[in-house]
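Please read the points below beside the model, which is a predicted one. They are meant for someone who has not looked at this structure before.

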Amino acid sequence: MKRPQLATMRDKSAESTRRSFLAGLGILGAVGLGTASGRARAKITSQPGVESFTDQAELKAFVDGVMDERIGTATPGATVAIVNGETPLLIKGYGSANLGSEVPVRADETVFRVGSVGKLVTYTAVMQSVERGVLDLDTDVNSYLSDSAVTVPAAYDDPVTLRHLGTHTAGFESALDPGVVADPDDLESLETVLANRQPSRIRPPGELVGYSNYGAALAGHIVAEAHGLTFEEYVQSELFEPLGMTHSTFAQPVPADHPGHLATPHVRDGNSPVAAEDAYINMRPAGSLSATATDMASFMSAHLGDGAVGNTRILESETADRMHSRHHVRHPAVTNWRYGFYEYGDPDANLIAHSGATVNFTSHLLLAPDHDVGIFVAYNSNPKELPAAVVDEIVAAYDLQAAPTPPTPTLRPGGQERAETVAGEYSLTHLPESGPLQIVDLLEHLTVKPIDDGRLRTSTLGGDTRQWVETEPYVYQETGGHDALAFEVTDGDVEVVNMSSKPTAVYQPVPFHERQLVTGSVLGTALSGFGLSLAGWGGHTGRQLWNQHRSENDPGVGDLE
């Protein structure tokens with residue numbers, strides 16, 4: 001009787017401690033509990049249908065209703081851009097840019113920090129350079145760093161390439177912190193940060209996805225080195241100016257003479273949001289972009305227009321098509337990686353996206369190329385329910401992907417045996433496996449248990465419990481949603497688990513001594529140690545690390561994600 005009792009107490013204690021810890025950081029929210037890709041959590045009151053997407057009045061009424069549910073509860077303010085090709089259908093600000101001064105959000109003037117959505121700008125710059133013959137996706141990145149203090153050490157037979165950096169398969173050890181500082185005087189040059197904060201190479205390149213802010217920042221540095229400019233100078237002249245993105249910048253702090261006004265970040269003080277201090281990101285190409293909804297509309301239109309909007313072309317159509325095609329396949333049954341974009345929701349829906357966050361800003365960008373639609377939503381807060389939930393409601397209401405259907409069980413015999421084979425505990429490759437931040441990994445361990453008839457139940461300490469039906473051997477479809485699990489099994493042992501709603505990583509088996517049953521009893525102690533470590537680093541860093549994982553790596557998928 002002791003063991004079941006211990007398990008029950010452990011689960012309740014861990015969840016209680018976890019929520020108290022997150023609340024103390026001002027970001028109470030379930031890690032991994034944001035609206036997962038394609039999950040049926042939308043509160044849709046009407047179904048306009050994709051054929052009516054260009055009815056701007058209807059779209060505005062629908063989105064206004066969706067945002068009315070969030071403003072003042074999930075976030076003080078938000079900015080939204082929806083385009084159909086080159087045509088802006090809705091560009092609108094909602095709520096307050098600064099509660100203290102009651103300044104409203106204006107979509108063409110209010111600048112939001114968009115976190116890792118800015119990585120899409122970085123990787124667009126990479127593809128421009130590839131198109132111009134300055135860079136190559138499959139060349140050792142060290143060949144572009146001869147004049148830089150940054151060098152990627154040899155650790156495996158194959159070198160790290162720009163293709164690996166754009167698909168997060170370089171094999172760098174996870175490091176959630178992209179160099180967040182509270183004082184802009186503590187910002188260093190990108191080259192210095194990359195040289196001094198280089199993570200170890202722990203996996204051969206090209207094998208497994210492990211989301212890396214460092215890798216994205218390195219890609220931006222390589223673009224800068226190849227052109228003899230700073231990264232900020234390059235994107236300003238080659239992307240922002242041609243696209244008329246006059247309010248966009250990677251500069252920190254945003255210059256005083258920069259057009260528009262930066263929205264104020266907000267945190268919760270009890271049940272009420274209050275203004276917070278800004279934070280700054282040393283690894284700029286990974287997440288320091290500030291932009292308006294109007295600017296992001298132009299960026300989305302360029303990508304939907306095969307690299308061009310109006311008479312302005314930032315990529316040749318062949319290059320845009322190359323960027324939007326698959327560059328890394330985790331498993332055919334789940335979401336995979338385009339270049340810089342990850343696939344979102346149902347893998348067959350051809351939706352590509354990226355989410356992001358800084359300390360107290362969150363955002364989400366989605367493109368539906370088959371429908372010529374782009375959606376961008378940003379908040380000046382980091383709530384439990386992220387901007388992806390708004391995107392999900394729009395996607396569902398306008399049929400940008402098919403509604404989930406009941407899974408069809410596989411006809412292959414042996415389903416119960418396969419379910420028992422995959423039972424176990426798994427951890428994500430983008431989370432730290434050692435040091436004080438290991439606690440994030442522990443909280444996100446995925447426990448897989450067989451039920452009957454070959455079905456599975458999965459759960460996390462965060463309370464995310466779901467059931468799955470096997471549709472083909474070792475491939476499982478979520479009951480009531482679009483999510484999928486695909487196990488890679490060799491000689492009866494699970495090597496990798498791929499989950500559609502976690503495109504930024506894969507799961508791997510957890511050694512027995514690291515499993516929740518063993519670690520649960522010391523979880524409170526670990527959290528206490530983690531809290532002390534955060535106190536040493538400063539509250540900004542602590543909050544950002546959690547926001548990075550929750551916002552960016554639960555797409556729907558860095559932040560700074």
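1. Once the neighbours within four places in sequence are left aside, Q128 is in contact with Y234, E238, L239, I314 and L315. Q128 itself lies in helix 3, which covers residues 119-131, and its relative accessibility of 1% falls under the 20% cut-off, so that Q128 counts as buried.

2. Two points of backbone geometry deserve a careful look, and the background to them is that most residues other than glycine have a negative phi, while most peptide bonds are trans. Against that background, the peptide bond that joins Q252 and P253 is cis, with an omega of about -15°. P253 is placed in the loop that runs between helix 7 (231-243) and strand 6 (261-262).

3. D306, although it is not a glycine, has a positive phi of about 55°. The residue is found in the loop between helix 9 (293-304) and strand 11 (308-309), and with a relative accessibility of 42% D306 counts as partly exposed.

4. D453 sits in the loop between strand 18 (446-450) and strand 19 (456-459). Is D453 buried or exposed? Its relative accessibility is 72%, and because exposed means over 50%, D453 counts as exposed.

Methods. Residues numbered from 1 in each chain as written. Predicted model: local features only at pLDDT ≥ 70, side-chain atom pairs only at ≥ 80, totals over all residues. Heavy atoms only, no water. Helix = DSSP H or I, 4+ residues; strand = E, 2+ residues; numbered from the N terminus. Buried < 20%, exposed > 50% of the residue type's maximum accessible area, 1.4 Å probe, protein only. Contact = heavy atoms within 4.5 Å.
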